[in-house]
Amino acid sequence: KGPVDSIDVITGQVALETMIKAQGYPFAKVNEPDVVVDHDAQSATLALKVDPGGQRRIGQFIVKGARPPFGSKHVATISRIKRGEIYDQTMIDDLKRALVATGLVSVSQAEPVPASDSTLADIAVTLDRAPPRTIAGELGYGSGEGFRAEVSWTHRNLLRPEGAVTLRGVAGTQEQYAGAILRQSNFRKRDHILNARLIASNLNRDAFDARTVEIGVSLERVSTILWQKRWTWSGGFELLASDERDIRKIVGGGRKTFFIGALSGSVGYDTSDNLLDPTRGFRLNARVAPELSFQSGTFGYVRAQIDGSTYLPVRDSVVVAARVRAGTIVGAETLSIAPSRRLYAGGGGSIRGYGLQRVGPRDVFNEPVGGRSLIDFSLEARVRLGVFAVVPFIDGGNVYNTSTPRLSGFRYGAGIGARYHSAFGPIRIDVATPVNPRRGDSPVAIYVSLGQAF
């Protein structure tokens, strides 16, 4: 009971039609409301004439439009509904969003149309093609990395359907890179992605120099903003040849050439409530990569890593977040393993306050050499203040020469961060300092990125 409000009447009319269509009636019609007011009794009667139009099952997809980026078969792959299922308008709306999310469609329409079989409803999909090419550039400077310039060209539908090819180049003080990357989205199934890459790079890090040529292929099931998944996975292989030096100050010496073949597999489980800004739930991810090295004879080893994080809301505006990572390499000694394949810690995604790869064993020249096991953790409080947030945090951990972490000699970093919660996710700025630094560690480190630290 209550006053007659035209907005409430129209809202109820739309909600009723939506509910009927979601239960299998694509051609349902709810006519204009008929309101009869009895002024003497101070009451009103609302009458809605409903024509359900008959229940239907899904027929075929019919693609229309000028030069659509893909055909009906791929639309069926992207859709989460199958031929013969009861019509559900919410799944049609989901399809529209997924089509736009491909980046190949500027506007998409999906509407039921009568099929030759009166028990079915075909789905007419009209696609307006978006510009398929993108050119991007980036120029920057970091106190620990020097200058860096990057340029890339992408055709998002060069290999139809949804075969995005990217040519990418980097020129920097410590990094030079040229690569061709294929990303085949919605490969045979929605949110399954086939990746292939051919890369040549030259990296000059504190821990190593590496001149590498690499080819790799992988298949993965990913989580997206539209459909965040509990379970994700990936699997693939890579082959690489790498000329590396880990003793940087021995001029003209210390270089070795490594030929490596590797398989990799990972599985993830996610109960968090948001991909970029989780406030509750937890995440687990495990990765295993058996590798064969053909340098100085053939030998094998296995790299494995487990990551976990949890998010606990303690108040409406405060979330406590914690993360832990443990990794190991089993089957080979540290100095036999290519420096670029060893385990490292330190940096914005690890132990903040320390430079990239600066935590762990060091050589006689005070340069990091990596190790065969690691453990690190982070604990932070995310205090929301409108669109901004303040985030005090502490990180810790270490890298070891043994294949089992010793849980000793931890290096700690502490600091405070700021977050700006934009429409597409939080923008992060963290300022940290090492609590127990070693010789050569900078007193302050700054990290900037999109999304939370973990």
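Pro392 stands opposite Ile416 in strand S21, and strand S20 pairs with S21 (residues 411–422) in the antiparallel sense over ten bridges. Strands pair if DSSP finds at least two bridges between them; helices (H or I, at least four residues) and strands (E, at least two) are DSSP runs, numbered from the N terminus. This is a predicted model, in which local features need pLDDT of at least 70 and side-chain atom pairs count only at pLDDT 80 or more, while totals for chains, interfaces and linings use all residues. Residues are numbered from 1 along each chain as its sequence is written, and side-chain values use heavy atoms, with hydrogens and water left out.

- Strand S19 (373–385) pairs with strand S18 (318–330) in the antiparallel sense, over eleven bridges.
- S19 and S20 form a hairpin with two residues between them, and Gly386 in the turn has a positive phi of about 70°.
- Asn366 lies in the loop between S18 and S19; Asn366 has a positive phi of about 65° although it is not a glycine.

**Cavity**

- The structure holds one cavity of 30 Å³ or more. On a 1 Å grid over the protein atoms alone, a cavity is a set of points where a 1.4 Å probe fits but cannot get out.
- The volume of the largest cavity is about 30 Å³, where grid points are joined across faces, edges and corners and the volume is the space filled by probe spheres set on the points.
- Its lining residues, which have an atom within 4 Å of a point, are Arg323, Gly348, Gly349, Ser350, Arg352, Ser378, Asp395, Ala453 and Phe454.
- By class, the lining of the largest cavity has two nonpolar, four polar and three charged residues. In this scheme Ala, Val, Leu, Ile, Met, Phe, Trp, Tyr, Cys and Pro count as nonpolar, Asp, Glu, Lys and Arg as charged, and the others, Gly among them, as polar.

- An open sheet of three strands has the order S5-S7-S6, with mixed pairing.
- Strand S5 (57–64) and strand S6 (105–114) are the edge strands, each pairing on one side only.
- Neighbouring strands of this sheet are turned by 20° against each other on average, direction ignored. Axes are lines fitted to C-alpha atoms, for helices over the stretch in contact, and angles run from 0 to 180 degrees between N-to-C directions.
- S6 and strand S7 (residues 120–129) run antiparallel and are joined by nine bridges; Val107 stands opposite Asp128 in S7.
- Helix H3 (residues 89–101) packs on the sheet and touches S5, S6 and S7, its direction making about 155° with that of S6. Contact means heavy atoms within 4.5 Å.

**Salt bridges**

- A search of the whole structure finds 35 salt bridges, each a side-chain nitrogen of Lys or Arg within 4 Å of a carboxyl oxygen of Asp or Glu.
- One of the salt bridges is formed by Arg80 with Asp94, the closest N and O atoms being 3.6 Å apart.
- That pair links distant parts of the chain, 14 residues apart: Arg80 is in the loop between helix H2 (72–78) and H3, and Asp94 is in helix H3.

**Strands S14 to S16**

- Strand S14 (residues 231–245) pairs with strand S15 (residues 255–270) in the antiparallel sense over 15 bridges, with Thr232 opposite Gly268 in S15.
- S15 pairs in the antiparallel sense with strand S16 (residues 281–293) over nine bridges, and Ala262 stands opposite Glu291 in S16.

**Cis peptide**

- Arg160 and Pro161 are joined by a cis peptide bond with omega of about -5°.
- Pro161 lies in the loop between strand S9 (146–159) and strand S10 (163–172).

Notes: On a 1 Å grid over the protein atoms alone, a cavity is a set of points where a 1.4 Å probe fits but cannot get out, and a pocket is an open set with protein on both sides within 12 Å along at least five of seven lines; lining residues have an atom within 4 Å of a point.
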